[in-house]
Amino acid sequence: MSFSEAFAALSASLTAGAQRLSGASSLSDFDVCEQLGEGAFGTVCRCLRRSSGVAYALKAVSIAHATRNGGLAQVIAERDALVALEDPGHPNVIRLHATFRDDDSLYLVLELATGGELFSHIRRLGACSLPCARWLTAELVNALEYLHGHGVVHRDLKPENLLLDEVGHLKLVDFGSCCRERLPTAAAAGDGVDGEAASGDAGRPADTRRFVGTAEYVSPEVLGDGDATAASDLWALGAIAYQMLAGALCAVA
């Protein structure tokens, strides 16, 4: 399959998800408001659904930039993971409401979490209180139990990828680096677009061995070129819990 054919197939998959999830099918269905953040391949803005006035987070990914820099598969991986996690959904996992595209960008319409990143709160406060850290750790444990029960490994857990809602509940976001423990995903297929086989031992996709994530939160086995598994996320959970309590990263020899 050529790259253009693979891109067309992935884009069609993304567009199909929009209609199944919410019926919103184009940018004209939304009023785009202020920018909330910026990532490697695009931006996140607050937006309002014109028909209802409900606020969402709109993630816009430049097709050209993502294609040039190998980010297309990450967008599809995020979409696939969030769709897989929709049934029945979890209060601590960000919800995907719609996906669509135009000539320039791919769009993900996500639940809006207005409380900001956990990282910014740790940086501002220095450390969380014990009750706060216990509460947020418990919510993250619940979210990970749900992910892993669906065969999804996040692989990039860190305070920057943990948002808070308006009352302080945790929302796990940014699934572009995720993989499936048991079944290959569109992301794994995307890795094979340029001719590299997307297969793995023991029924796992090959990219469970590809290093992704943020080094300070990555488990020793992944740093040592081992498979990313649910246990890898639990290592990151421990590092985040330590950071909440100490206000600093855990130093690992």
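This is a predicted model: local features need pLDDT of at least 70, side-chain atom pairs count only at pLDDT 80 or more; totals for chains, interfaces and linings use all residues.

Author: Residues are numbered from 1 along each chain as its sequence is written, and side-chain values use heavy atoms, with hydrogens and water left out.

Reader: How many helices and strands does the protein have?
Author: Helices (H or I, at least four residues) and strands (E, at least two) are DSSP runs, numbered from the N terminus. On that basis the secondary structure comes to 8 helices and 9 strands.

Reader: What percentage of the residues counts as buried?
Author: Buried means under 20% relative accessible area, exposed over 50%, and partly exposed in between, with a 1.4 Å probe and protein chains only. Of the 253 residues of the protein, the buried share is 46%.

Reader: Among contacts between residues at least 6 apart in sequence, what percentage joins residues at least 24 apart?
Author: Contact means heavy atoms within 4.5 Å. Among the contacts between residues at least 6 apart in sequence, the share joining residues at least 24 apart is 61%.

Reader: Are α4 and α8 roughly parallel or roughly antiparallel?
Author: Two packed helices are described by the angle between their axes and the distance between the axes. Axes are lines fitted to C-alpha atoms, for helices over the stretch in contact, and angles run from 0 to 180 degrees between N-to-C directions. Helix α4 (residues 118-125) and helix α8 (residues 230-246) have axes 9 Å apart, at an angle of about 30°. Angles under 35 degrees count as roughly parallel, over 145 as roughly antiparallel, 65 to 115 as roughly perpendicular and the rest as oblique, so α4 and α8 are roughly parallel.

Reader: Which residues of α8 does α4 meet?
Author: By class, the contact of α4 with α8 has 5 nonpolar, 1 polar and no charged residues; Ala, Val, Leu, Ile, Met, Phe, Trp, Tyr, Cys and Pro count as nonpolar, Asp, Glu, Lys and Arg as charged, and the others, Gly among them, as polar. From α4 come L118, F119 and I122, and they meet α8 at I240, Q243 and M244.

Reader: How do α5 and α8 run, roughly parallel or roughly antiparallel?
Author: The axes of helix α5 (residues 130-149) and α8 come within 10 Å and cross at roughly 170°. With that angle, α5 and α8 are therefore roughly antiparallel.

Reader: What is the make-up by class of the contact of α5 with α8?
Author: On the α5 side the contact is made by L130, A133, L136, T137, L140, V141, L144 and H148. On the α8 side it is made by A230, D233, L234, L237, I240, A241, M244 and L245. By class, that gives 13 nonpolar, 2 polar and 1 charged residues.

Reader: Which residues does L234 touch?
Author: L234 is in helix α8 and, at 47% relative accessibility, counts as partly exposed. Not counting residues up to four places away in sequence, L234 touches L144 and H148.

Reader: Is L82 buried or exposed?
Author: L82 is in helix α3. Not counting residues up to four places away in sequence, L82 touches I94, L96, L110 and F175. With a relative accessible area of 1%, L82 is buried.

Reader: What does UniProt annotate at K59?
Author: K59 is in strand β3 (residues 55-62) and is buried, with a relative accessible area of 19%. Leaving aside neighbours within four places in sequence, its contacts include E78, Y107 and D174. UniProt positions are given in the numbering used here, feature names are shortened, and annotations may be inferred rather than shown by experiment. The annotation at K59, from an unreviewed entry, is "binding site".

Reader: What is the phi of D174?
Author: D174 lies in the loop between β8 (170-172) and β9 (179-180) and is partly exposed, with a relative accessible area of 28%. Most residues other than glycine have a negative phi, and most peptide bonds are trans. D174 is not a glycine, yet its phi is positive, at about 65°.

Reader: Where is R155, which also has a positive phi?
Author: The phi of R155 is about 75°, although R155 is not a glycine. R155 is buried, with a relative accessible area of 9%. Its place is in the loop between β6 (152-153) and β7 (162-164).

Reader: Which residues does a cis peptide bond join?
Author: P88 is found in the loop between α3 (72-84) and β4 (96-101). The cis bond, with omega about 5°, joins D87 and P88.
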